[in-house]
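This briefing goes through strand pairing, charged contacts and aromatic contacts in turn. Please read it alongside the sequence and the model.

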Amino acid sequence: MSPDAVLLSIEPAIFLRGKRVITSEGKVLGRIGKIFRVNSTNKIERFEVTRVFRKNLEITADYVATFGKSIILKDKYNEKRPNKAE
């Protein structure tokens with residue numbers, strides 16, 4: 001490595017594309033497609049989950065428990081829309 005090399009201590013948000021999104025109960029929702037960041041920062045506002053044979057989802061970063069090899073959602077995430085009557 002050259003003396004001018006820079007090592008990042010954080011993973012750039014764009015590297016999350018393609019990672020699995022899992023609920024707190026272990027259900028796989030799909031994989032991350034598009035990522036929407038706050039302006040040109042690395043902070044994620046929301047992301048799109050692409051799914052096979054189903055409509056894609058948009059999930060805000062507020063529902064994420066952990067970003068790692070997979071994205072695990074918090075207990076409070078519900079796949080149904082909160083404004084929708086059950």
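For solvent exposure, a residue is called buried under 20% relative accessible area, exposed over 50% and partly exposed in between, with a 1.4 Å probe and protein chains only. By that scale Y63 is partly exposed, with a relative accessible area of 27%.

The model is predicted, so local features need pLDDT of at least 70 and side-chain atom pairs count only at pLDDT 80 or more, whereas totals for chains, interfaces and linings use all residues. Residues are numbered from 1 along each chain as its sequence is written, and side-chain values use heavy atoms, with hydrogens and water left out.

**Strand pairing**

- Strands (E, at least two residues) and helices (H or I, at least four residues) are taken as DSSP runs and numbered from the N terminus, and two strands count as paired if DSSP finds at least two bridges between them.
- Strand β2 (residues 28-37) and strand β3 (residues 44-50) are paired in the antiparallel sense over five bridges, and R31 has T50 in β3 as its bridge partner.
- The hairpin of β2 and β3 has six residues between the strands, and N39 takes a positive phi near 50 degrees there.
- β3 and β4 also run antiparallel, joined by four bridges, with F47 standing opposite I59 in β4.
- In the hairpin of β3 and β4, which has six residues between the strands, a positive phi near 65 degrees is found at F53.
- β5 and β6 run antiparallel with three bridges between them; T66 stands opposite I72 in β6, and a hairpin of three residues joins β5 to β6.

**Charged contacts around R46**

- A salt bridge is taken here as a side-chain nitrogen of Lys or Arg within 4 Å of a carboxyl oxygen of Asp or Glu, and a search of the whole structure finds two of them.
- One of these joins the side chains of R46 and E45, at 3.2 Å from N to O; R46 is partly exposed, with a relative accessible area of 24%, and E45 is partly exposed at 41%.
- E58 forms a salt bridge with R46, with the closest N and O atoms 2.8 Å apart, and because E58 lies in strand β4 and R46 in strand β3, the pair ties together parts that are 12 residues apart in sequence.
- E58 is partly exposed, with a relative accessible area of 47%, and salt bridges that share partners join E45, R46 and E58 into one network.
- R46 also lies over the face of F36, at 4.0 Å from the ring centre, where a charge sits over a ring if NZ of Lys or CZ of Arg is within 6 Å of the ring centre and within 35 degrees of the ring normal.

**Aromatic contacts**

- Rings of Phe, Tyr and Trp (its six-membered ring) pair if their centres lie within 6.5 Å, with planes under 30 degrees apart counted as stacked, over 60 as edge-to-face and the rest as tilted.
- The structure holds one aromatic pair: the rings of Y63 and Y77 have their centres 5.6 Å apart and their planes at 75 degrees, so the pair is edge-to-face.
- The pair links distant parts of the chain, 14 residues apart, with Y63 in the loop between β4 (57-60) and β5 (64-67) and Y77 in the segment after β6 (71-73).
- Y77 is buried, with a relative accessible area of 14%, whereas Y63 is partly exposed.
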